[in-house]
Amino acid sequence: MKTSSVRVATLVLVSSTLFWGLEARADIRNWDISGQIYTKWLYRNNDQMGIVNYGNPFWPENFSGDNGVGSEFEWNIRGTPSRFVTAYVRVKSRFGSTWHDFWENGDFWYPQENTSGQSLGMDHAEYMKLRGYAMDIHPPYAWLDNIHIGSTDVGFFNTWTFGRVRYIDRDNTKGVFFQGSLLDGDLRWTLGIIALPRLWAGPGWSTGVGDVVLNNPFHTMDYGYALHMDHYLDALGLDTIVDLLFTNDFEIDVADPDADGSLYPNCLDELDNAIPGCEPDGAVDLEGRYRQFLGSLQLRFEPVRDLGVDLLGAIAMQRINELTMSNGVALNAGVSPVPYKDTLDWAARARFDIVEPFGARNLHFQLEYFNIGEDWVNTFSARREDDVLLTDGFITGGGQLPTLNIANEFMDFNDGFYESCIGWHGGTLLIDYILGNFQFLLEQTAITYNTNMQDRDTDAVYPNFLHHQGYTDTWFFDYANTLDRGRDPRAVYQENQDRFSLISGLRTTWDTGWLTGLEIEAFAKFIRDTDGRDLSTDRDDYTGNLLFTQLKFSLPINNEIDINFGGNFDRWDEENRSGNPAEGYSDYMTLRGRAFAGFTFNFGGATFGYHGEWVLKDQEREIQGDRTLDIFRSKAYLTVAW
Amino acid sequence: MKASASHRFKLLLLVIMLLALAGLVAASCHYEGPFVNMITDEEHFRPPSAPPTFVYGQFVAEGAYGVGGAEVTFYSGDGGRVDALTTQALEDGTWEVEVPGLQSYTNLLVYAAKGGVALLGIVPEIPRAAQVYDPPQQIDLSVDAPAMHPIDEVATAITLLIEGRLRQLGRGLNTLSPGAVRNAMEDIEPELGEGDFLVFFEMVTALLDEAAAQPTSMVPVFLPPSQIAAAGSALNPLFLTTYSVDYTGDSTPDTSVDAFEEALGQAMMTFNFDVCYHPRLIRVVFQVDFREGELDGNCEVLDRLRWLDGIDPGDQMFIVGGVHEEMIRCDIDPDYEYCATQEEIDLTNQALGTWSPNRIQMFDDGTNGDAVGGDGIYSRAFDLPRGMRIGYKFTYGPAASQWTGTEEWPGNQRLLEFIDVNGDGMVVRHDNFGDETTNKDKANLLAPLRGGRGNVLWDCGESTVCCGSDESPTGVPGCVDANRDGYLDFREVPIDTDRNCEADAWPSPGPVTPLTVECEE
């Protein structure tokens, strides 16, 4: 019996291998090639050259700016060597060079720009780079559908654990993933190991590189281990989703005498006495720098007809090693994606979708309760292009994400800004009602904050992102805050905070039916934001009455051309908007207006778009003095894909 | 029953296959890293830092000579001020100073001045901590050196006598063992009441009396030890010219320190210090200059990075070496004066890392024999067998890393014999990092015009400088004194301190003192 089983197993393994191997084909018919050229024009009436409005906030680069035109070419190749194996490759030119730079060849011989073609470096050389690659193997097992090896945007998990990476990084995360199903397909699972991107995945936006306490950062064994399970119980209509992520940022144990940079290369302490148990053995031990565990449980079901329930609970834990991780809060002016302490906290979200209750047609209620702990830490959440809460939030256009690792960078002025919702505790009611040609979307949100606290240590433990007061103006955003743009969207911790916020909004869309289909959208939002700050005095109390309005007209001219235009008017009345106890707090009255227009043109595989806006901002500032900002800017793009 | 056993076997087989598959998957996906580390992790222990040493003393607080509340400063045996130890005396004259456990001092001079009064004492010994687990050392000067408690006119007179006598002998306090200084204190103290000692002591008290009469003076009667050598006396000549002082008792103001120095010399004329060096070991100080722009033996600017992989954060300076293969062992030639026993060979090899690179750290932080922290000159002192011949070189890189990219040059070595050439009781070898023109044994780059022959030898037979293969005992041509400066290249040699390419001074041992032992009765 034993011999027989072994033989059968061996036969299966060998025949599977031979079968797959023999099936492989190399044939042009197995190739699927596509290409795309993308061109972007940026304009602003200032003196900044470049083709990305907001570039790298930390490392100096030479491609961000407001005036320029550049193109990129992308080449996607998909291969199918057999029905069991597929492969994907994306080759793309480096975006950063302007049309005016054509002569640049990537050399970087001169410290200042000149006409040699060798002064701007590779970011202006338009070189082709292997940006993504992946292989999928589909073994013929009932329980294992797919093995994915290579690039991924990690979209199979949720943003409370390992969020989808942003679009421009979609191939930059790499790993190995096993996907399959059990219980006759009712339980879908994904198990993955993900190479932690050393550029951003960790404290100090790195997995050790650049950390001042590390002489020899060791980042090629840093991985995240993720499990996703989705079980559907048909009898109850219950969808249960579990996501787990454990990340481990290893560093070299410098107490190991074998390690490069060892503290004890001779196994002697600093008084030259032998260290017990210390002996070189040719192997180098590792120790953790930063570990994180994230888990979420999501339940989706319909207890009664027309009521959808979505319950989510999650925990987040981080463990730091002070020997291998420097204090980014204390050493980096409070700009850090994690607090400098061990943390354990939880988050909960409950959503209720009520569709046409009691027979009320075209009426849709959405109710959401959210409670995110003050010590919730997730460096691996989606960094942008996702949204975990229903509310429009403080910043219209982006969304709310449960992380301090938000990336409002490598983007243009008309891309959405995202804000952190760590510590938010409250609820949102959305009412969506369609009446004839009108659609109304009403929002009411109330938020208190788990981060409300007195005497919080923002010097050495909790990051406050340096600029943490006043409403955030994303239209005049800059990293260094030279434009006095208000709080950093990641600034959720204050030394003294006692904050409460109310957000009310109404968006009305009217499909007029006039001309070729004119649609008019009116939007108004009012935020009442209060913060008692230091409770021992009322002289620093903040009150913000923030009004936002927009009127937008959209008109499809024909099948190829859509146009839109409109305007905004905002008024922010902020008492004690910013300051400090020593110098006092300054009242701000801000009026902001915008006129915009744009169009898109689709024709024969080419898509052209344009958006231009004139923005005016007038600030009455009690201490700093009044100021007016007046700019025009535009962005246009052309995409041709085949 | 049979079916059940079969079922269990199948289950076991399936589990084994799944584990095997999981193992393959793990090996191919870097899953194994954390597991292997978990199994092999030795959880290396990080011992604590060396405990500090606390030193307590007291200046006289009562009476006219009280210096309570004054700044207390310390000076090494060669007169250099040790800023890190500066402290403040309390009103009762007591002072306390915390010394890093890594640091050791011998024969520190302690000084405090208030108004015109200035008092001096000696702290014979602050040993480095022995074990990192020990409690902090407590050194109470009243116990360690009773003659220095409190530091008053008596302690000051004793200190001035010891310092002055050594100065007259052309030596510093750093050349004496702590025991020799303690013995000197004990010998001098009872003598202060009679003869020439009494004459000197009365001068000291007369000077202090006058100083005490000037409570607001900015001119102390005795100079800080760092100024004594230059002034030629501890007595402050400015004090004598500022105030009309008759310290000789002849009713005439004395405006010169001569009488003071003469009385000191008279009292100490026949006084001898006990100085006994270790009979077998000698203190060897290695110094390597890593500053940019230093000159090599050819008087050319040295390319210190020639063989290095650059300079990175966290890189450190190391020395590495071992007993030279031509060292004469006692079991082969027991009659050779400096023959090496196996124990001595082991001691030397262990101290120098037995040619394992990047393990024996040099220091540029003011500890472990380094004079000035952060000056680019790294130092380290060892106590090693006299006459031992070693090969060594310096490396610069991460601790425990390998040779390539960290060593001064690939292959070859520097030669050094532990013989005290200048009579200071120590061997002080000062090298420039990457200098291939001095004591590098092979492929030595000292230019032929400067005498270079490519090799540095231990022995050239009859020749005192260079020899050909026919003269060399080993048949290898080379030099023992290639640059013909009169000093063998493989021993401590004078160095060029003024960048004129001529050796002009012996390298300073910094805070390092000779290895002395208590003299036998």
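This is a predicted model: local features need pLDDT of at least 70, side-chain atom pairs count only at pLDDT 80 or more; totals for chains, interfaces and linings use all residues.
Figure 1. Residues are numbered from 1 along each chain as its sequence is written, while chains are lettered from A and ligands numbered from 1 in the order in which they are written.

**Figure 2. A four-stranded sheet in chain B, order 3-2-5-6.** This open sheet has antiparallel pairing. Helices (H or I, at least four residues) and strands (E, at least two) are DSSP runs, numbered from the N terminus, and two strands pair if DSSP finds at least two bridges between them. Strand 3 (87–88) and strand 6 (117–126) of chain B each have a single partner strand, so one side of each has no neighbour in the sheet. Nine bridges hold the antiparallel pair of strand 5 (residues 105–114) and strand 6 of chain B. Look for B:Leu109, which stands opposite B:Ile122 in strand 6 of chain B. Helix 5 (residues 178–188) of chain B lies across strand 5 and strand 6 of chain B, at about 135° to strand 6. Such angles run from 0 to 180 degrees between N-to-C directions, with axes as lines fitted to C-alpha atoms, for helices over the stretch in contact.

**Figure 3. Another open sheet in chain B, order 11-10-13-14.** Here four strands pair in the antiparallel sense. Strand 11 (360–361) and strand 14 (414–417) of chain B are the edge strands, and each pairs on one side only. Strand 10 (residues 316–323) and strand 11 of chain B run antiparallel and are joined by two bridges. Across from B:Ile319 you'll find B:Ile360, in strand 11 of chain B. Helix 10 (residues 342–352) of chain B lies across strand 10, strand 11 and strand 13 (389–397) of chain B, at about 160° to strand 10.

Figure 4. Strand 22 (residues 584–603) and strand 23 (residues 606–621) of chain A run antiparallel, with 16 bridges joining them. One spot to look for is A:Arg592, whose bridge partner in strand 23 of chain A is A:Lys617. Their hairpin has two residues between the strands, and A:Gly604 takes a positive phi near 55° there. Next along, strand 23 of chain A is joined to strand 24 (residues 627–641) of chain A by 14 bridges, again running antiparallel. A:Leu616 stands opposite A:Asp630 in strand 24 of chain A. This hairpin has five residues between the strands, and in it A:Gly625 takes a positive phi near 95°.

**Figure 5. Domains 1 and 3 of chain A.** Chain A is assigned domain 1 (30–138), domain 2 (152–163 + 182–355) and domain 3 (383–642). The C-alpha centres of domain 1 and domain 3 of chain A lie 30 Å apart. In this contact, 19 residues of domain 1 of chain A meet 19 residues of domain 3 of chain A. On the side of domain 1 of chain A that touches domain 3 of chain A, eight residues are nonpolar, eight are polar and three are charged.

**Figure 6. Where chain B touches chain A.** Across this interface, 36 residues of chain B are in contact with 34 residues of chain A. Helix 1 (2–28) and helix 2 (32–40) of chain B each supply at least two residues of the chain B side. The largest share, five residues, comes from helix 1 of chain B. By class, the side of chain B that touches chain A has 18 nonpolar, 12 polar and six charged residues.

Note on methods: Two residues are in contact if their C-beta atoms, placed from the backbone, lie within 7 Å. Ala, Val, Leu, Ile, Met, Phe, Trp, Tyr, Cys and Pro count as nonpolar, Asp, Glu, Lys and Arg as charged, and the others, Gly among them, as polar. Domain bounds come from an automatic or database domain assignment.
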